[in-house]
Amino acid sequence: MKFLKSTFGLLNKFELILWAVSLVVVILSYVLSGTNDLLTLMASAIGVTSLIFLAKGFCIGQVLIIIFSVFYGIISFRNQYYGEMITYLCITTPIAVVALIQWIKHPFKSTKEVEVSRISKGHVLSMCLSGLLITILFYFILHTFGNATLMVSTISITTSYIAAYLTAVRSPYYALGYAANDIVLIILWIVASTKDISNIPMISCFTMFLINDLYGFYSWKEMEKRQLK
């Protein structure tokens, strides 16, 4: 109880409203779709909760992202979205672990807030080259697996990797990377929902992810200004 108060108590009024609305949207979507897939509901609820804490620069957000990634990987496997499964289990989760360690090592003074870092030219070059290699590699891997939506899943891998990389180096632009990934995933799950309406909650989930990630970028830029002072 003390942990919840000390964590949620640091959210401002707008953030609490955004978190509550996000939860309501994913729960209503789950109920109205008539699905009984509790894993999808749990993943969505954990996902939107993680993003509000990532927007604050709190390490608990990274912990929740790791849990979400495992659940989402399972959901993706069931829908033959092997690209998503590989992305979240083999790329997003390990990088989130690295990011968690980096965030723990770099707090801003004595607060729960991570210290914002400006990405260097070396990081940009490393991110672009490694991102290109990963994109090419996984395109052929997914082609071999017969992925349900090859091109969309490949783009998702690229945007997800860039977002995760920027998160690990504590850049505010991580949120724009995830926002781009959210748009790709909204399209992907719309396609899946035409075949199975139980996937509709995932559309709502990533729509709320998009809104939360856009707020995350704004929040981190404000953090950056405040920390520079």
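Lys56 is buried, with a relative accessible area of 16%. Buried means under 20% relative accessible area, exposed means over 50%, and partly exposed lies in between, with a 1.4 Å probe and protein chains only. This is a predicted model, in which local features need pLDDT of at least 70, side-chain atom pairs count only at pLDDT 80 or more, and totals for chains, interfaces and linings use all residues. Residues are numbered from 1 along each chain as its sequence is written, and side-chain values use heavy atoms, with hydrogens and water left out.

Lys56 has a charged partner. Glu15 forms a salt bridge with Lys56, and the closest N and O atoms are 3.3 Å apart. The pair ties together distant parts of the chain: Glu15 sits in helix α2 and Lys56 in helix α3 (residues 38-56), 41 residues apart. A salt bridge here is a side-chain nitrogen of Lys or Arg within 4 Å of a carboxyl oxygen of Asp or Glu. Helices are DSSP runs (H or I, at least four residues), as are strands (E, at least two), and they are numbered from the N terminus. Glu15 is buried too, because its relative accessibility is 2%. Side chains of opposite charge can pair when their charged atoms come close.

By this rule the count comes to five salt bridges. Lys221 is partly exposed, at a relative accessible area of 24%. Glu224 is buried, at 12%. An α-helix has 3.6 residues a turn, so residues three or four places apart point the same way.

Glu222 forms a salt bridge with Lys225, with the closest N and O atoms 3.6 Å apart. Both lie in helix α9, three residues apart, about one turn of the helix. Glu222 is partly exposed, with a relative accessible area of 30%. Salt bridges that share partners also join Arg118, Lys221 and Glu224 into one network.

Back in helix α2 (residues 13-33) lies Val24. Val24 counts as partly exposed because its relative accessibility is 45%. Together with Leu28 and Leu32, Val24 makes a nonpolar surface patch of about 320 Å². Patches are made of residues with over 30% relative accessible area and no salt bridge; like charges are joined within 9 Å, and nonpolar side chains (Val, Leu, Ile, Met, Phe, Trp, Tyr) within 5 Å. The accessible areas come from the Shrake-Rupley method with a 1.4 Å probe, and for residues only the protein chains shown count as cover.

Helix α6 (residues 121-145) holds Gly131. Gly131 is buried, at 5% relative accessibility. Its C-alpha atom is 9.7 Å from that of Ser160, 29 residues away along the chain. Phe138 is also found in helix α6. Phe138 is buried, with a relative accessible area of 11%. Phe138 and Ile86 are 52 residues apart in sequence and 8.8 Å apart in space, C-alpha to C-alpha.

Next comes helix α7 (residues 150-168). Its 19 residues reach 27 Å from first C-alpha to last, close to the 27 Å expected at 1.5 Å a residue. That expected span is 1.5 Å times one less than the number of residues. Of the 19 residues of α7, 14 are buried, so the helix is largely enclosed by the rest of the structure. Rolling a probe the size of a water molecule over the atoms shows where empty space is left. On a 1 Å grid over the protein atoms alone, a cavity is a set of points where a 1.4 Å probe fits but cannot get out; a pocket is an open set with protein on both sides within 12 Å along at least five of seven lines, and lining residues have an atom within 4 Å of a point. The largest pocket is lined by 13 residues, of which Arg78, Asn79, Ala192, Asp196 and Asn199 lie nearest its centre. Helices α4 (59-78) and α8 (174-193) each give two or more residues to this lining. The largest cavity is lined by Leu51, Ile65, Phe68, Tyr88, Thr92, Tyr178, Phe209 and Asp213. Here α4, α5 (82-105) and α9 (200-228) give two or more residues each.
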